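Thanks for making time this morning. I would like to walk you through one structure, slowly, for those who have not seen it before.

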Amino acid sequence: MTDVIPIGNPARAREGATPKVDLRSLETLWFQVGGTVCNLACSHCFVSSSPTNRTHDFVTLERVRETLEEAAGLGVKEYYFTGGEPFLNPEMEAILAATLEVGPATVLTNGLLLSPERCRRLASLAAGSHHSLDFRVSMDGWDAESNDPIRGEGTFEKIVQGISNLHDAGLNPVITVTEVHGESASAAGKERFFELLRRLGIEKPRLKVLPLFRIGAEAERAGAYESWQRLRAGDTPEEGWDHLQCSSCRMVTDQGVWVCPILVNEPSGKMGERLADTLDPFELDHPACWTCHVYGVSCKT
Amino acid sequence: MSGRTPKEIREQRRAERERMVAHRGMATWGERLVPLGEFRRVAESAGRALSEKERAAAVATFLERPADGVPVEGPYRRIAVFGGVYNNHRALEALLDDAERRGAEALYCLGDLGGFGPNPEKVRPLLEQGAVATIQGNYEESLASGREDCNCGYTDPRDNHFARLSYGYTERNCSEAFKGWMGGLPTRRRVAVGQRELLLVHGSPRRINEFLFESATPVPFLETLLDQERCDAILCTHTGLQWHRRLPSGRDAVNVGVLGRPANDGRTNVWYALLEERELPSGKSDLDVELVPLAYDHQGLAEEMRREELPEEFVETILTGWWTTCLEILPSRERAESHY
């Protein structure tokens, strides 16, 4: 493990001021509910989650409750939960129950901790709420050979089992795939995932493909950003930065409130202690911001 | 795993184990590993920590919106509001009859006149006949400004494929005069029903193509919007699925649904809303919201769509009441209730 990975060629860095993005409304609130703790250590993880990475720790039920209260006063529309692996958080199901009382919730999970019993409990949580409860299960290939080198030996089988357990309980997750195999984003690549899901008996297959962020473990796997991959004031589109998710989201971790789900391992991405501290504009001063802009990324479903 | 020797598999497992414990006692800071304590120390002092008083002020400033200055129409006793005509002139014709029969004093359309159905030019004379006050949907905005797509807000390639087909058809079959008229429509209206002020928008008060689905539009969010807009009710369309919610504050949020295609429930009727102020026994009043199912000549529409060579997927929706496209936008609850 190298300590510092050099970034690009400084000679190609671009001049100019760093643009700022306004928070036009706080629509989507994220919780880094699983911290950076994960039962996997995927080679492309942009927050380098692993069983021993405690950069961020679990967010407690108490902290979630306080934040939900503050969020209601700001008119938040939807809640997302990620990690790490959210279901490693021992309070996760209680956190979902509390959230579904006030709004719709989506959980991003690796699918490994979705036992039939848990899936049945989650289904009854969903049935008992006015709001949608949605799941996103990550996988990186349509078979063990394409998935396991990225997510770990033997994970394909377990992920498929988790998806089946959700399906058997009446929950239909969105399968989330990164572009780690270029093919995944193509029509033919997507069809391979749809085929897999149909084989599992899922009649309404749902799929989301995400580009990779060249930070964290992914920077080691595929190389870090080049120095020219930075946003500058001149890049500001005519219609502004409303297409960036940081114009409508914030991320709560055990250590405060960050601007977005991508930059949690950058202390400079932290904007404050409470939501009310983070309503000011944010400087798009990170190469990952370039990815969001160029690829039109939203971590939302 | 084909093609790998046991030794290679052992090697990979060893590398994986190493990767999984590499962070022991360390934090990830961008592309570096640093001692956990160092990350936490820097993170602790990063960002702002306002006082409680400053926080209250920051929230108030953040939520403050200037008044929109839109004049209030009315007051009316009873109005009919509909959206999403999608070229379905047969349903629009049925609406004009039904709303008149039910005593609506004024008719309002929340936009998206085109797309999906046949013969866009048949819509405008009906709007004029009914003296319908119309606001701009994303469709009108796109057609009037020469956009290449409908800006419906889909993210799925299949949804976008069908959206392009129907937008292309409407764009080709719509006169320049009609498009010009669309460009002159307002994007919001305010209407008094009795003592109550209703805000009429297409998607949401803040974005023309925002989806407000029932299971994904929580109460605190709506209360905040109503506070910001200083109104007693918000009426919207855009999703294609109708719902009404009475808020704890006594105010209302209504998605009036669409006239253009059925509501993905296996029934062929479409929906609109009737609104009037109702006196309560307590001496107070509330807004009586009736979501009205509307039958129309859907067989005739299907035949017309086939003559116009519109996608058979669209015709199926008209004939069965189940959506075959635009499914990816549905939240999990609405998707679970749909056929496809």
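I will begin with how the two chains meet, and then turn to a few places within each chain. Please keep in mind throughout that what you see is a predicted model.

Let me start with the interface, whose size, as is often done, I will give as the accessible area lost when the parts come together. Between chain B and chain A the buried area is about 5300 Å², and carbon and sulfur atoms give 50% of it. In terms of residues, 61 from chain B are in contact with 73 from chain A. There are six salt bridges between the two chains, and one of them joins A:Lys77 to B:Glu210, with the closest N and O atoms 2.8 Å apart. Counting polar contacts, we find 33 residue pairs between chain B and chain A, where both residues are at pLDDT 80 or more. On the chain B side, the elements that give two or more residues include helix 1 (6–21), helix 2 (36–45) and helix 3 (52–63), together with strand 1 (26–29) and strand 2 (32–35). The residues on that side divide into 30 nonpolar, 12 polar and 19 charged.

Is A:Glu266 buried or exposed? Its relative accessibility is 13%, and because buried means under 20%, A:Glu266 counts as buried. Leaving aside residues up to four places away in sequence, A:Glu266 touches A:Trp258 and A:His286 in its own chain, and B:Trp29, B:Gly30 and B:Phe39 across in chain B. With A:His286 there is also a polar contact, side chain to side chain, at 3.2 Å.

Staying in chain A, consider strand 3 (residues 78–81), which is covered on both faces: A:Glu78 and A:Tyr80 are buried on one side, and A:Tyr79 and A:Phe81 are buried on the other. Strand 3 of chain A runs parallel to strand 2 (residues 28–31), to which four bridges join it, and A:Phe81 stands opposite A:Phe31.

Finally, chain B has an open sheet of five strands, in the order 6-5-4-12-13, with mixed pairing. Strand 6 (133–134) and strand 13 (285–294) stand at the edges with a single partner strand each, so one side of each is left without a neighbour in the sheet. Strand 6 of chain B runs parallel to strand 5 (residues 106–109), with two bridges between them, and B:Thr134 is the bridge partner of B:Cys109.

Conventions. Residues numbered from 1 in each chain as written. Chains lettered and ligands numbered in written order. Predicted model: local features only at pLDDT ≥ 70, side-chain atom pairs only at ≥ 80, totals over all residues. Heavy atoms only, no water. Contact = heavy atoms within 4.5 Å. Buried area = accessible area lost by both parts, 1.4 Å probe. Salt bridge = Lys/Arg side-chain N within 4 Å of Asp/Glu carboxyl O. Polar contact = N/O pair within 3.5 Å; in protein donor to acceptor, adjacent residues only side chain to side chain. Nonpolar A, V, L, I, M, F, W, Y, C, P; charged D, E, K, R; others polar. Buried < 20%, exposed > 50% of the residue type's maximum accessible area, 1.4 Å probe, protein only. Pairing = 2+ DSSP bridges.
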